[in-house]
Amino acid sequence: ARREILRFKDDMAALRVLPPDPFVPVTEAMPRIVDWIEECRLAGAVYRVDNDLYFDIHSDADFGQVSHLDEQAMLEVFAERGGDPQRPGKRHPLDPLLWLSARPNEPAWNTRLGHGRPGWHIECVAIALDNAGAPLDVQGGGRDLVFPHHEMSVSQAQVATGRGPCARAYVHTGMVGLDGEKMSKSKGNLVFVSKLRDEGHDPLAIRLAILDHHYRSDWEWTSDGLRVAEARLERWRAAMSRESGPDPDDAVAEIRAALAADLDAPRALAAVDAWANAQLAAGGDNVAGPGLVARTVDALLGISI
């Protein structure tokens, strides 16, 4: 696991993405997860079904603030994504599991809650609250995490801390596909940055291939998309390596405006393309142009030229 974490951090650094710090595996956070379950219990939000512990969603008056789904829609998604709405003894079908007592041939830990393991949502609550504090500036992830995971974890965090909101902003990305299917760990249809790097692909081209899609949009990873990104990176480098070029002011203003408009990265890339195309087609006499565009692309898009 440690070796995988180190490779992950190395890949993120190559993509010019700041990796999580600290990077805490759930297995190393078990005592604090138990502590946060106890905080929920002290708030009156925990009840027992057989030997398992559940969280009462009605203990959080703001439940539903993340997904804005109605109860029927929540029930449908909850059943599809690992929930147990039909379990007898629950106060409400949507109540999520906090602690599962040990089952045969499943991972379990000895704790003051007994021999067992935590529910999915409280794991993330404990790690986030202990290492980032509340409120978080941004809580984000894939759109498939909006419900139940983020909805449940937000409620548990707010009840455990006695305050809200859990985060100042909730941001969710579109789904990435491969060969017509959603890319996911469970399906095993993943494209790894490490493998692409081992094949000799420039990490900045990989970053450009990702930036070519708005973060909220669904899109599909393709080899053609990576080739387009590699050609774009080569074109940008050629344009910005010249001693002078077209006036950069409009391009820089458009890049800033695009990113201020809900991080519209494709629009920002198009602005750089327009400047680079003008540079390669006709050039210019602005000696500050190439350097200013390069610094802007570096600072705002994370692409070093």
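The legends below describe close-up views of a predicted model. In this predicted model, local features need pLDDT of at least 70 and side-chain atom pairs count only at pLDDT 80 or more, while totals for chains, interfaces and linings use all residues. Residues are numbered from 1 along each chain as its sequence is written, and side-chain values use heavy atoms, with hydrogens and water left out.

**View 1. The stacked pair of Tyr 47 and Tyr 54.** A search of the whole structure finds three aromatic pairs, where rings of Phe, Tyr and Trp (its six-membered ring) pair if their centres lie within 6.5 Å, and planes under 30 degrees apart count as stacked, over 60 as edge-to-face and the rest as tilted. The ring centres of Tyr 47 and Tyr 54 are 6.1 Å apart and their planes lie at 25°, so this pair is stacked. Tyr 47 counts as buried at 6% relative accessibility, and Tyr 54 counts as buried at 0%; buried means under 20% relative accessible area, exposed over 50% and partly exposed in between, with a 1.4 Å probe and protein chains only.

**View 2. The tilted pair of Trp 219 and Trp 221.** These two residues, Trp 219 and Trp 221, are 6.4 Å apart from centre to centre, with 55° between the planes. Trp 219 is buried at 15% relative accessibility, as is Trp 221 at 11%.

**View 3. Helix α1 and its buried residues.** Helix α1, residues 2-14, has 13 residues, helices being DSSP runs (H or I, at least four residues) numbered from the N terminus. The buried residues of α1 are Ile 5, Asp 11, Met 12 and Ala 14, and what covers them includes α6 (193-198) and α7 (203-211), with contact meaning heavy atoms within 4.5 Å. Just after α1, Arg 16 takes a positive phi of about 65°.

Note on methods: Helices (H or I, at least four residues) and strands (E, at least two) are DSSP runs, numbered from the N terminus. The expected span of a helix is 1.5 Å times one less than its number of residues.
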